[in-house]
Amino acid sequence: MAETNEKTQCLIIGSGPAGYTAAIYAARGDLKPILYQGLQPGGQLTTTTEVENFPGYPDGTQGPEMMEDLKKQAERFETDVRWGMITSVDLSQRPFKITADDGKVITAETLIIATGASARWLGLPSESEYNGYGVSACATCDGYFYRGKVVAVVGGGDTAAEEATYLAKLCKKVYLVHRRDELRASKAMQNRVLKTPNIEVVWNHVPKEIVGVTEGFAKKVTGVRLANVLTGGEKTLEIDGFFVAIGHTPNSGMFRGMLDMDPNGYILTKPDSTATNIPGVFAAGDVQDHVFRQAVTAAGTGCMAAIEAERFLSAQE
Ligand code: NDP
(Lines give C-alpha, C1' and ligand atoms only; values in the text may rest on other atoms or scores of the structure.)
Protein backbone atom coordinates (compact mmCIF):
# COMPACT_ATOMS: atom_id res chain seq x y z
CA MET A 1 0.00 0.00 0.00
CA ALA A 2 1.47 3.38 -0.98
CA GLU A 3 2.16 5.85 1.81
CA THR A 4 0.76 9.25 0.97
CA ASN A 5 1.24 11.20 4.14
CA GLU A 6 4.81 12.33 3.69
CA LYS A 7 5.37 16.02 3.10
CA THR A 8 8.45 18.04 2.38
CA GLN A 9 9.28 21.63 1.64
CA CYS A 10 11.86 20.57 -0.91
CA LEU A 11 12.40 17.34 -2.78
CA ILE A 12 15.59 16.89 -4.76
CA ILE A 13 16.00 14.25 -7.44
CA GLY A 14 19.58 13.32 -8.24
CA SER A 15 22.84 12.84 -6.38
CA GLY A 16 25.51 14.40 -8.54
CA PRO A 17 27.24 17.69 -7.64
CA ALA A 18 24.04 19.64 -8.49
CA GLY A 19 21.75 17.52 -6.29
CA TYR A 20 24.06 17.41 -3.27
CA THR A 21 24.92 21.10 -3.47
CA ALA A 22 21.21 21.93 -3.67
CA ALA A 23 20.72 19.71 -0.60
CA ILE A 24 23.50 21.43 1.39
CA TYR A 25 21.99 24.86 0.70
CA ALA A 26 18.36 23.79 1.16
CA ALA A 27 19.18 21.99 4.42
CA ARG A 28 21.10 24.96 5.77
CA GLY A 29 18.11 27.11 4.78
CA ASP A 30 16.00 24.85 7.02
CA LEU A 31 13.93 23.38 4.18
CA LYS A 32 14.58 19.85 5.53
CA PRO A 33 15.08 18.45 2.04
CA ILE A 34 14.58 14.87 0.97
CA LEU A 35 16.99 13.73 -1.74
CA TYR A 36 16.47 10.66 -3.89
CA GLN A 37 19.77 9.40 -5.24
CA GLY A 38 18.48 7.81 -8.44
CA LEU A 39 19.83 5.06 -10.61
CA GLN A 40 23.49 6.00 -10.26
CA PRO A 41 24.15 7.30 -6.73
CA GLY A 42 26.83 9.98 -6.99
CA GLY A 43 26.16 10.57 -10.68
CA GLN A 44 28.60 10.68 -13.58
CA LEU A 45 31.63 11.47 -11.41
CA THR A 46 31.46 8.01 -9.89
CA THR A 47 32.50 6.68 -13.30
CA THR A 48 35.67 8.78 -13.48
CA THR A 49 38.86 8.20 -11.57
CA GLU A 50 40.91 11.28 -10.73
CA VAL A 51 39.29 14.74 -10.54
CA GLU A 52 41.85 17.53 -10.65
CA ASN A 53 39.75 20.52 -11.67
CA PHE A 54 37.28 20.83 -8.80
CA PRO A 55 38.40 23.81 -6.73
CA GLY A 56 39.53 23.08 -3.22
CA TYR A 57 41.41 19.84 -3.86
CA PRO A 58 45.02 20.94 -4.47
CA ASP A 59 46.18 17.34 -4.93
CA GLY A 60 43.11 16.23 -6.85
CA THR A 61 40.67 13.63 -5.62
CA GLN A 62 38.91 10.51 -6.80
CA GLY A 63 35.46 11.09 -8.35
CA PRO A 64 33.65 8.51 -6.16
CA GLU A 65 35.40 9.85 -3.04
CA MET A 66 34.37 13.41 -3.83
CA MET A 67 30.76 12.37 -4.24
CA GLU A 68 30.88 10.51 -0.91
CA ASP A 69 32.21 13.73 0.68
CA LEU A 70 29.37 15.75 -0.86
CA LYS A 71 26.84 13.23 0.43
CA LYS A 72 28.31 13.41 3.94
CA GLN A 73 28.19 17.20 3.81
CA ALA A 74 24.51 17.12 2.78
CA GLU A 75 23.73 14.63 5.56
CA ARG A 76 25.60 16.69 8.13
CA PHE A 77 22.83 19.30 7.80
CA GLU A 78 20.19 16.58 8.02
CA THR A 79 19.27 16.10 4.41
CA ASP A 80 17.22 12.92 4.23
CA VAL A 81 19.28 11.11 1.57
CA ARG A 82 17.45 8.09 0.22
CA TRP A 83 18.60 5.23 -1.91
CA GLY A 84 15.94 4.85 -4.57
CA MET A 85 14.38 6.19 -7.70
CA ILE A 86 11.54 8.56 -8.40
CA THR A 87 9.29 6.84 -10.88
CA SER A 88 6.64 9.49 -11.60
CA VAL A 89 5.77 13.08 -10.84
CA ASP A 90 2.52 14.98 -10.92
CA LEU A 91 3.32 18.66 -11.40
CA SER A 92 -0.22 19.72 -12.34
CA GLN A 93 -0.71 21.46 -9.01
CA ARG A 94 1.22 22.38 -5.88
CA PRO A 95 2.18 20.68 -3.66
CA PHE A 96 3.58 18.34 -6.28
CA LYS A 97 2.97 14.61 -5.95
CA ILE A 98 6.13 12.59 -6.33
CA THR A 99 6.13 8.78 -6.40
CA ALA A 100 9.18 6.69 -5.52
CA ASP A 101 9.97 3.16 -6.65
CA ASP A 102 8.93 1.73 -3.30
CA GLY A 103 5.44 3.10 -3.91
CA LYS A 104 5.84 5.98 -1.46
CA VAL A 105 4.04 9.18 -2.52
CA ILE A 106 5.54 12.41 -1.23
CA THR A 107 3.96 15.82 -1.49
CA ALA A 108 6.58 18.48 -2.11
CA GLU A 109 6.22 22.25 -1.99
CA THR A 110 9.21 22.66 -4.29
CA LEU A 111 11.05 20.27 -6.57
CA ILE A 112 14.68 20.46 -7.65
CA ILE A 113 15.49 18.30 -10.65
CA ALA A 114 19.16 17.37 -10.76
CA THR A 115 18.92 14.13 -12.70
CA GLY A 116 21.96 14.86 -14.87
CA ALA A 117 22.80 13.50 -18.27
CA SER A 118 24.32 10.28 -19.41
CA ALA A 119 27.13 10.11 -21.91
CA ARG A 120 26.27 7.96 -24.84
CA TRP A 121 28.63 5.04 -25.35
CA LEU A 122 29.36 2.98 -28.43
CA GLY A 123 28.42 -0.23 -26.66
CA LEU A 124 31.60 -2.18 -27.43
CA PRO A 125 32.66 -4.71 -24.75
CA SER A 126 36.24 -3.36 -24.91
CA GLU A 127 34.91 0.15 -24.29
CA SER A 128 33.53 -0.83 -20.88
CA GLU A 129 36.58 -2.99 -20.16
CA TYR A 130 38.92 0.03 -20.47
CA ASN A 131 36.52 2.67 -19.12
CA GLY A 132 38.58 4.74 -16.68
CA TYR A 133 41.80 3.08 -17.92
CA GLY A 134 42.23 4.98 -21.18
CA VAL A 135 38.61 5.22 -22.27
CA SER A 136 36.76 8.38 -21.26
CA ALA A 137 33.77 10.47 -22.27
CA CYS A 138 35.16 13.75 -20.93
CA ALA A 139 38.26 15.46 -22.33
CA THR A 140 38.12 18.31 -19.81
CA CYS A 141 38.13 15.74 -17.00
CA ASP A 142 40.76 13.33 -18.30
CA GLY A 143 42.67 15.06 -21.12
CA TYR A 144 45.44 16.20 -18.81
CA PHE A 145 46.53 12.58 -18.28
CA TYR A 146 47.40 12.36 -21.99
CA ARG A 147 49.79 15.29 -22.27
CA GLY A 148 52.26 14.66 -25.09
CA LYS A 149 50.48 11.44 -26.06
CA VAL A 150 48.33 10.24 -28.94
CA VAL A 151 44.58 9.98 -28.53
CA ALA A 152 41.49 9.33 -30.62
CA VAL A 153 38.10 11.01 -30.33
CA VAL A 154 35.03 9.41 -31.87
CA GLY A 155 32.08 11.52 -33.04
CA GLY A 156 31.38 14.30 -35.51
CA GLY A 157 29.23 16.79 -33.57
CA ASP A 158 30.10 19.91 -31.59
CA THR A 159 31.12 17.86 -28.56
CA ALA A 160 33.59 15.76 -30.57
CA ALA A 161 34.97 18.87 -32.29
CA GLU A 162 35.34 20.67 -28.97
CA GLU A 163 36.94 17.66 -27.28
CA ALA A 164 39.37 17.20 -30.20
CA THR A 165 40.49 20.85 -30.20
CA TYR A 166 40.83 20.83 -26.41
CA LEU A 167 42.93 17.66 -26.55
CA ALA A 168 45.03 18.99 -29.45
CA LYS A 169 46.45 21.62 -27.08
CA LEU A 170 47.66 18.91 -24.70
CA CYS A 171 48.41 15.94 -26.89
CA LYS A 172 51.00 15.22 -29.54
CA LYS A 173 48.34 14.00 -31.95
CA VAL A 174 44.56 13.65 -32.00
CA TYR A 175 42.66 11.40 -34.41
CA LEU A 176 39.05 12.41 -34.88
CA VAL A 177 37.21 9.31 -36.02
CA HIS A 178 33.90 9.98 -37.74
CA ARG A 179 31.48 7.59 -39.43
CA ARG A 180 30.64 9.92 -42.34
CA ASP A 181 32.55 12.17 -44.73
CA GLU A 182 31.34 15.43 -43.20
CA LEU A 183 31.11 16.71 -39.67
CA ARG A 184 27.82 17.54 -38.00
CA ALA A 185 29.52 20.21 -35.87
CA SER A 186 28.89 23.92 -36.50
CA LYS A 187 30.93 25.51 -39.29
CA ALA A 188 33.06 27.47 -36.82
CA MET A 189 33.95 24.30 -34.90
CA GLN A 190 34.60 22.40 -38.12
CA ASN A 191 37.02 25.10 -39.28
CA ARG A 192 38.83 25.00 -35.98
CA VAL A 193 39.23 21.22 -36.23
CA LEU A 194 40.38 21.28 -39.85
CA LYS A 195 42.88 24.07 -39.21
CA THR A 196 44.49 22.43 -36.19
CA PRO A 197 47.67 20.79 -37.51
CA ASN A 198 47.82 17.96 -34.98
CA ILE A 199 44.22 16.80 -35.55
CA GLU A 200 43.79 14.19 -38.25
CA VAL A 201 40.21 13.41 -39.20
CA VAL A 202 39.68 9.76 -40.05
CA TRP A 203 36.58 9.90 -42.26
CA ASN A 204 34.10 7.07 -42.84
CA HIS A 205 35.36 4.87 -40.04
CA VAL A 206 33.79 3.34 -36.94
CA PRO A 207 35.59 1.82 -33.96
CA LYS A 208 35.32 -1.95 -33.74
CA GLU A 209 37.52 -2.67 -30.74
CA ILE A 210 39.66 -0.82 -28.25
CA VAL A 211 42.90 -2.68 -27.81
CA GLY A 212 45.00 -2.63 -24.66
CA VAL A 213 47.26 -4.46 -22.29
CA THR A 214 46.97 -5.52 -18.67
CA GLU A 215 50.02 -5.06 -16.49
CA GLY A 216 49.38 -6.48 -13.04
CA PHE A 217 46.30 -4.67 -11.77
CA ALA A 218 46.72 -1.83 -14.27
CA LYS A 219 45.18 -1.77 -17.69
CA LYS A 220 46.02 0.61 -20.49
CA VAL A 221 44.83 1.35 -23.99
CA THR A 222 47.31 0.85 -26.81
CA GLY A 223 45.16 1.15 -29.91
CA VAL A 224 41.80 1.15 -31.62
CA ARG A 225 40.74 -1.11 -34.44
CA LEU A 226 38.62 0.75 -37.00
CA ALA A 227 36.43 -0.42 -39.85
CA ASN A 228 35.90 1.59 -43.01
CA VAL A 229 32.13 1.88 -43.47
CA LEU A 230 32.46 2.10 -47.28
CA THR A 231 34.91 -0.72 -47.97
CA GLY A 232 34.71 -2.84 -44.82
CA GLY A 233 38.52 -2.69 -44.63
CA GLU A 234 40.08 -2.48 -41.19
CA LYS A 235 43.03 -0.63 -39.72
CA THR A 236 44.44 -0.09 -36.25
CA LEU A 237 45.53 3.28 -34.85
CA GLU A 238 48.14 3.28 -32.11
CA ILE A 239 46.79 5.47 -29.32
CA ASP A 240 47.12 6.00 -25.56
CA GLY A 241 43.62 7.31 -24.91
CA PHE A 242 40.19 6.94 -26.47
CA PHE A 243 37.49 9.59 -26.01
CA VAL A 244 33.87 8.89 -26.83
CA ALA A 245 32.00 12.06 -27.85
CA ILE A 246 28.87 10.82 -29.57
CA GLY A 247 26.49 12.92 -27.48
CA HIS A 248 24.83 13.00 -24.12
CA THR A 249 21.26 12.23 -23.21
CA PRO A 250 19.71 14.41 -20.51
CA ASN A 251 17.81 12.34 -17.97
CA SER A 252 14.60 14.29 -18.43
CA GLY A 253 12.23 11.70 -19.92
CA MET A 254 9.98 11.65 -16.83
CA PHE A 255 9.21 15.37 -17.26
CA ARG A 256 8.44 15.31 -20.98
CA GLY A 257 5.14 17.04 -21.70
CA MET A 258 5.26 18.87 -18.35
CA LEU A 259 8.38 21.01 -18.56
CA ASP A 260 9.66 23.06 -21.47
CA MET A 261 12.67 21.45 -23.10
CA ASP A 262 14.90 22.06 -26.08
CA PRO A 263 14.74 19.63 -29.02
CA ASN A 264 17.44 17.45 -27.38
CA GLY A 265 15.49 17.08 -24.13
CA TYR A 266 17.46 19.56 -21.99
CA ILE A 267 15.12 21.30 -19.53
CA LEU A 268 14.80 25.00 -20.27
CA THR A 269 15.38 27.38 -17.39
CA LYS A 270 14.79 31.13 -17.20
CA PRO A 271 17.83 33.37 -17.88
CA ASP A 272 20.12 33.71 -14.84
CA SER A 273 17.90 31.30 -12.96
CA THR A 274 17.13 27.61 -12.48
CA ALA A 275 13.35 28.24 -12.62
CA THR A 276 11.45 26.12 -15.12
CA ASN A 277 8.09 26.97 -16.70
CA ILE A 278 6.32 25.55 -13.61
CA PRO A 279 6.58 27.79 -10.54
CA GLY A 280 8.24 25.88 -7.71
CA VAL A 281 10.09 23.48 -10.02
CA PHE A 282 13.79 24.15 -10.54
CA ALA A 283 16.35 22.36 -12.69
CA ALA A 284 20.07 22.27 -11.97
CA GLY A 285 23.15 20.63 -13.44
CA ASP A 286 23.56 18.69 -16.64
CA VAL A 287 19.84 18.06 -17.15
CA GLN A 288 19.59 21.74 -18.10
CA ASP A 289 23.14 22.46 -19.30
CA HIS A 290 24.54 21.09 -22.53
CA VAL A 291 27.28 23.70 -22.79
CA PHE A 292 29.54 23.53 -19.72
CA ARG A 293 28.70 20.14 -18.15
CA GLN A 294 31.29 20.48 -15.40
CA ALA A 295 30.97 19.33 -11.78
CA VAL A 296 31.65 22.84 -10.56
CA THR A 297 29.04 24.46 -12.82
CA ALA A 298 26.53 21.79 -11.79
CA ALA A 299 27.28 22.54 -8.14
CA GLY A 300 26.81 26.25 -8.88
CA THR A 301 23.36 25.76 -10.38
CA GLY A 302 22.46 23.39 -7.52
CA CYS A 303 23.20 26.23 -5.13
CA MET A 304 21.09 28.59 -7.24
CA ALA A 305 18.16 26.14 -7.26
CA ALA A 306 18.13 25.81 -3.47
CA ILE A 307 18.29 29.59 -2.96
CA GLU A 308 15.51 30.06 -5.51
CA ALA A 309 13.37 27.35 -3.84
CA GLU A 310 13.82 29.06 -0.48
CA ARG A 311 12.88 32.47 -1.92
CA PHE A 312 9.91 30.96 -3.73
CA LEU A 313 8.60 29.48 -0.46
CA SER A 314 9.15 32.75 1.41
CA ALA A 315 7.21 34.62 -1.25
CA GLN A 316 4.29 32.17 -0.87
CA GLU A 317 3.96 32.85 2.85
P1 NDP B 1 25.39 15.31 -31.59
O2 NDP B 1 24.17 14.42 -31.51
O3 NDP B 1 25.28 16.64 -32.23
O4 NDP B 1 26.54 14.53 -32.37
C5 NDP B 1 26.83 13.21 -32.11
C6 NDP B 1 27.89 12.77 -33.12
O7 NDP B 1 28.27 11.44 -32.81
C8 NDP B 1 27.39 12.79 -34.57
O9 NDP B 1 28.40 13.25 -35.41
C10 NDP B 1 27.07 11.33 -34.83
O11 NDP B 1 27.32 10.96 -36.17
C12 NDP B 1 28.07 10.61 -33.94
N13 NDP B 1 27.56 9.34 -33.48
C14 NDP B 1 26.40 9.11 -32.82
N15 NDP B 1 26.28 7.80 -32.54
C16 NDP B 1 27.40 7.20 -33.03
C17 NDP B 1 27.87 5.87 -33.05
N18 NDP B 1 27.19 4.88 -32.48
N19 NDP B 1 29.05 5.60 -33.65
C20 NDP B 1 29.78 6.59 -34.22
N21 NDP B 1 29.39 7.89 -34.23
C22 NDP B 1 28.21 8.18 -33.63
O23 NDP B 1 25.93 15.39 -30.08
P24 NDP B 1 26.87 16.48 -29.43
O25 NDP B 1 27.11 16.02 -28.03
O26 NDP B 1 28.04 16.72 -30.26
O27 NDP B 1 25.98 17.78 -29.34
C28 NDP B 1 24.71 17.77 -28.68
C29 NDP B 1 24.09 19.17 -28.75
O30 NDP B 1 24.82 20.05 -27.92
C31 NDP B 1 24.15 19.76 -30.16
O32 NDP B 1 23.00 20.55 -30.35
C33 NDP B 1 25.38 20.62 -30.12
O34 NDP B 1 25.34 21.67 -31.06
C35 NDP B 1 25.34 21.12 -28.69
N36 NDP B 1 26.69 21.45 -28.23
C37 NDP B 1 27.06 22.75 -28.27
C38 NDP B 1 28.30 23.14 -27.87
C39 NDP B 1 28.64 24.56 -27.91
O40 NDP B 1 27.82 25.34 -28.34
N41 NDP B 1 29.82 24.94 -27.48
C42 NDP B 1 29.31 22.16 -27.39
C43 NDP B 1 28.82 20.81 -27.41
C44 NDP B 1 27.56 20.49 -27.83
P45 NDP B 1 26.40 11.52 -37.38
O46 NDP B 1 26.86 12.92 -37.60
O47 NDP B 1 26.72 10.60 -38.49
O48 NDP B 1 24.99 11.42 -36.90
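Partly exposed residues have a relative accessible area between the buried limit of under 20% and the exposed limit of over 50%. All views below show a predicted model.

**View 1. Arginine 180 and glutamate 182 pair in a salt bridge.** The closest N and O atoms are 3.7 Å apart. A salt bridge needs these atoms within 4 Å, so the 3.7 Å pair qualifies. Arginine 180 is partly exposed because its relative accessible area is 31%. Glutamate 182 has a relative accessibility of 48%, so glutamate 182 also counts as partly exposed. The structure holds nine salt bridges.

**View 2. Glutamate 209 and arginine 225 meet through their side chains.** This salt bridge spans 3.2 Å from N to O. Glutamate 209 sits in strand E14, residues 205–215. Arginine 225 sits in strand E15, residues 218–228. The pair therefore ties together parts that are 16 residues apart in sequence. Glutamate 209 is partly exposed, at 32% relative accessibility. Arginine 225 is partly exposed too, with a relative accessible area of 25%.

**View 3. Arginine 82 and glutamate 6 form a buried salt bridge.** Their side chains meet at 2.4 Å, N to O. Arginine 82 belongs to strand E5 (residues 80–82) and glutamate 6 to strand E1 (residues 6–13), so the contact ties together parts that are 76 residues apart in sequence. Both residues are buried, which puts each under 20% relative accessible area. The pair is part of a network of salt bridges that links Glu6, Asp80 and Arg82. Side chains of opposite charge can pair when their charged atoms come close.

**View 4. The second largest pocket holds about 850 Å³ of space.** Its lining comprises 34 residues. Nearest the centre lie Arg120, Gly157, Arg184, Ile246 and Gly247. By residue class, the lining divides into 14 polar, 12 nonpolar and eight charged residues.

**View 5. Helix and strand elements contribute to the lining of the second largest pocket.** Helix H5 (158–170), E14 and strand E18 (248–250) each supply at least two lining residues. H5 gives the largest share, four residues.

Methods:
Residues numbered from 1 in each chain as written. Predicted model: local features only at pLDDT ≥ 70, side-chain atom pairs only at ≥ 80, totals over all residues. Heavy atoms only, no water. Buried < 20%, exposed > 50% of the residue type's maximum accessible area, 1.4 Å probe, protein only. 1 Å grid on protein atoms, 1.4 Å probe; cavity = no way out; pocket = protein on both sides within 12 Å on 5 of 7 lines; lining within 4 Å. Points joined across faces, edges and corners; volume = space filled by probe spheres on them. Nonpolar A, V, L, I, M, F, W, Y, C, P; charged D, E, K, R; others polar.
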